[in-house]
Amino acid sequence: MSSHALATPPSRLDVAGDLLTLLRDTSTEPRPDVQLEALTLAVAADLPVLLWGEPGIGKTAALNQLAASLDLPLTTVIASVHEPSDFSGLPVVGDDPAEQGVPMAPPDWAVRLVRAGRGLLFLDELSTAPPAVQAALLRLVLERRIGALRLPPGVRIVAAANPRASAADGWELSPPLANRFVHLSWTHDPEVVVRGLGGTWPRATLPRLDPDRLTAAVEFARRAVCAFLTARPPLVHRLPSSETRRGGPWPSPRSWDMTLTLIAFATAAGSDRDVLSLLVRGTVGDGPGLELLASLDRLDLPDPELLLADPAGAELPQRGDLRQAVLDAVVAAVRARPERSRWDAAWALLAHAADTGAPDLVVVPATTLATLRREEWDVPPTIERLTSAVALSRRADHAAARVTAGR
Amino acid sequence: MTTHPPETPAAPAPAPAPALDLDKLLTARLQAARARPYLATALFALHPVESRRVPTMAVDRHWRCYVSPAFVAATPEEELAGVWVHEVSHLLRDHHGRGDRVARERGLHGAGERLRMNIAADCEINDDIYGDGLARPGDVVLPSTLGLTAGELMEDYLRQFTLGPYTRGMVWLDCGSGADGLERDWDLGPDGAHGLSEQERDAVRFRVAQGIRARPGDAPQGWRRWAEEAFHPPQPWRELLGAALRTAVSGSGAGDDYTYGRPARRSAGVPGAVLPSLRRTPPRVSVVIDTSGSVSDAELGSALLEVTAISRAVGGRRDMVSVVSCDAAAGRVHRLCRGEGIPLTGGGGTDLRSGFAKALGSRPRPDVVVVLTDGQTPWPDSRPSCRTVVGLFPRVGASWDEDDPDYVPDTPPDWARVVTIGAEPGAR
């Protein structure tokens with residue numbers, strides 16, 4: 001930069017180079033990135049990922065970051081400028097084809113990938129390639145074969161496609177194909193882009209799998225998926241019925257297996273629920289995914305039997321709806337096995353709940369619990385502590401009566 | 001400042017007067033939950049926060065509910081219950097997210113536009129949440145206050161009024177960032193205590209929607225519609241028709257694809273091998289139009305325009321699109337390049353089988369047949385030899401035959417991809 005400070009005027013290109021250096025001088029700041037975290041986990045789990053995103057929103061930049069964090073060399077292949085034979089192999093005729101056959105020669109990038117034994121292969125613009133190219137590519141993604149070569153296990157593959165609404169010469173996944181992918185829709189955050197153009201790009205801290213949690217993670221994932229599918233057997237396999245949901249994720253034994261893997265990976269990495277939500281909904285679809293997540297929330301809630309065993313030391317969730325779900329579960333547990341001691345313990349727990357949180361949450365469980373009383377059971381003294389809740393309930397009754405009277 | 005004593009069982013520190021009457025507020029929440037059991041999960045998930053800067057009650061997108069102590073003191077419990085339901089409705093119906101989307105799409109910026117969004121959102125909510133156990137406060141904004149019809153969506157209301165004399169009384173109206181997406185200075189933000197993460201918000205909304213769908217009898221029509229569409233918003237038919245048509249024409253035999261019919265330019269590099277080359281076969285689209293009396297010209301016109309636009313976008317030329325009008329018998333096949341006047345003859349009953357036969361019998365044969373119909377017709381018994389897309393104009397209760405009251409028209413067969421064409425759905 002300073003060499004041309006001497007007498008000779010700098011050449012025009014040198015000045016342009018200086019300007020470019022200044023423009024490229026940007027810094028990074030740590031910022032949580034849910035999308036990138038989800039992508040990292042899916043790639044680490046070696047599942048085929050399909051990124052849906054408009055062109056030019058930083059998919060390649062994200063892949064660069066991902067490759068750096070996984071310590072893999074990145075190979076980008078733009079699908080739409082290739083011919084099918086680039087992926088299925090170019091036939092090379094030898095001396096005696098009838099005797100030796102015609103080998104299908106792989107392209108150079110594939111050879112290099114196989115020789116390196118590891119790498120991140122990014123297949124961009126899948127949806128704008130002609131159908132024959134797409135067919136060849138899907139074989140590559142799903143069977144990991146290029147001509148005569150087989151990609152080693154150290155190679156991870158990510159594909160990207162434009163959403164069907166914006167794809168000019170469009171293409172749509174058939175339901176069986178869609179079912180093999182983890183679908184992640186890639187969006188940009190305007191705030192991040194503005195800040196990045198101002199000189200500071202985000203740097204996501206990517207998840208790391210904790211070696212000590214692997215066994216527990218697998219156990220948790222199996223329990224979560226099995227408990228859910230036991231309760232909702234119709235969701236084990238459900239083909240998308242409407243035009244809207246074709247070509248997207250849908251539940252099948254295959255995609256549930258992928259979900260199980262992803263839950264285990266997210267658990268081992270200690271990722272939060274937002275990441276898991278993207279992954280699960282991208283694998284089995286929004287409806288079944290949300291149901292599974294709701295069932296995970298319930299798995300996290302304290303066990304009613306443990307609460308009944310020690311009502312005084314119970315730790316109830318702070319969030320009102322979860323707290324009410326727990327109290328309802330406790331009352332349901334008493335109803336399932338009505339015994340005097342359990343009934344008393346439930347009252348103690350309700351009193352504890354009324355002392356530590358909003359009293360209106362206690363009213364409905366208390367009313368239900370009161371109906372479970374047997375004749376020979378005396379009302380426990382702990383019920384005194386519920387007077388605030390009872391008063392609240394009465395006031396609400398009066399208010400409701402006023403509404404009815406006012407009509 | 002939060003009003004729930006989170007971990008301390010002891011009484012909260014004495015606040016300066018007028019203190020928030022938390023019991024009254026929670027009584028109202030209980031009454032609201034009793035009157036609308038299907039909203040109980042959402043009501044209990046809201047975290048009340050005392051705030052002296054909000055005029056009445058307001059929500060943020062993280063499911064906190066800011067409450068003015070003075071407002072609670074001045075309002076009877078039964079009206080407070082209505083306000084609870086009102087505020088939680090903003091969050092359930094994702095008014096902040098929809099407000100942001102509308103602001104981006106239509107370029108609406110500034111406090112005035114956000115106030116309009118708040119008013120429009122209130123109109124959407126208020127026309128169907130009160131009554132049946134919930135008292136309606138006297139001064140709520142109703143569509144009729146603005147001279148508009150009830151039962152529409154926020155996005156639609158937003159087009160129909162401006163700030164003016166009608167809305168002068170509403171400038172104090174403020175349901176917070178949860179209602180219109182604009183951050184307020186009292187908001188605790190994403191990092192504040194007791195906020196719900198995006199996944200938790202979705203989970204609460206999903207559970208409420210599931211509850212309504214499981215027991216649809218309890219909920220009014222507006223909520224049932226919301227529950228149906230909360231997580232599967234209907235897509236605009238143009239996009240769906242485009243996708244169906246694109247898939248149909250990008251199949252084998254049409255569009256850009258490889259063919260062994262001519263040698264590839266690469267063949268020189270690989271002597272002795274035969275490589276496929278890229279050839280374009282533009283898709284031929286044949287449109288069969290149901291011209292029976294039951295389909296309006298405006299509907300047909302817009303659907304036909306759409307088909308032409310899409311087939312041109314996928315590489316077809318005008319002369320590749322042909323049109324057959326069909327009622328009980330099929331008319332002639334017209335090429336679209338002949339242009340302006342394609343006579344859409346007909347008007348009686350429909351039998352699309354003759355339309356199919358005509359379209360498939362024309363030379364050159366079409367790659368795709370698009371049928372625009374209201375479905376009140378018999379369909380061919382067997383699958384035609386090319387891909388079929390059906391654009392269906394929905395008819396509710398129109399299938400009644402005076403000679404045969406039990407007549408039920410056939411639904412389109414499963415070999416066709418069916419796209420329902422109708423009004424653009426709102427984005428609930």
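Predicted model: local features only at pLDDT ≥ 70, side-chain atom pairs only at ≥ 80, totals over all residues.
View 1. Helices (H or I, at least four residues) and strands (E, at least two) are DSSP runs, numbered from the N terminus, and two strands pair if DSSP finds at least two bridges between them. Strand S3 (residues 74–78) of chain A runs parallel to S6(A) and is joined to it by five bridges, with Val77(A) standing opposite Leu123(A) of S6(A). S6(A) is also joined by six bridges to strand S9 (residues 154–161) of chain A, again in parallel, and in this pairing Leu120(A) stands opposite Arg156(A) of S9(A). In a regular strand the side chains alternate between the two faces of the sheet.

View 2. With contact meaning heavy atoms within 4.5 Å, 22 residues of domain 1 of chain A touch 25 residues of domain 2 of chain A. About 1900 Å² is buried between these two domains of chain A, and carbon and sulfur atoms give 65% of it; buried area is the accessible area (1.4 Å probe) that two parts lose on being put together, summed over both. Leu41(A), Pro175(A) and Asn179(A) supply 32% of the area that domain 1 of chain A buries against domain 2 of chain A, more than any other three residues.

**View 3. Polar pairs and structural elements at the same interface in chain A.** Between domain 1 and domain 2 of chain A, five residue pairs are in polar contact, both residues being at pLDDT 80 or more. A polar contact is a pair of N or O atoms within 3.5 Å; within protein, one must be able to donate a hydrogen and the other to accept it, and residues adjacent in sequence count only if both atoms are side-chain atoms. Zero salt bridges are found across this interface of domain 1 and domain 2 of chain A, where a salt bridge is a side-chain nitrogen of Lys or Arg within 4 Å of a carboxyl oxygen of Asp or Glu. Helix H2 (34–44), helix H8 (175–178) and strand S10 (182–185) of chain A each supply at least two residues of the side of domain 1 that touches domain 2, and H2(A) gives the largest share of that side, seven residues.

**View 4. Ser177 of chain B and its surroundings.** Ser177(B) lies in helix H8 (residues 177–180) of chain B and is buried, with a relative accessible area of 0%. Apart from its neighbours within four places in sequence, Ser177(B) is in contact with residues including Val59(B), Asp60(B), Arg61(B) and His96(B). In chain B as a whole, there are 13 helices and eleven strands, and 54% of the 428 residues count as buried.

View 5. Residues are numbered from 1 along each chain as its sequence is written, chains are lettered from A and ligands numbered from 1 in the order in which they are written, and side-chain values use heavy atoms, with hydrogens and water left out. The whole structure holds 31 salt bridges over all chains. Arg281(A) forms one of them with Asp202(B), the closest N and O atoms being 2.9 Å apart, and this pair crosses between chains, from helix H12 (residues 273–284) of chain A to helix H9 (residues 198–214) of chain B. Arg281(A) is buried at a relative accessible area of 17%, and Asp202(B) also counts as buried, at 13%. Within chain A, Arg340(A) forms a salt bridge with Asp344(A), where the closest N and O atoms are 3.4 Å apart; because these residues are four apart in helix H16 (residues 340–356) of chain A, about one helical turn separates them.

Technical notes:
Buried < 20%, exposed > 50% of the residue type's maximum accessible area, 1.4 Å probe, protein only.
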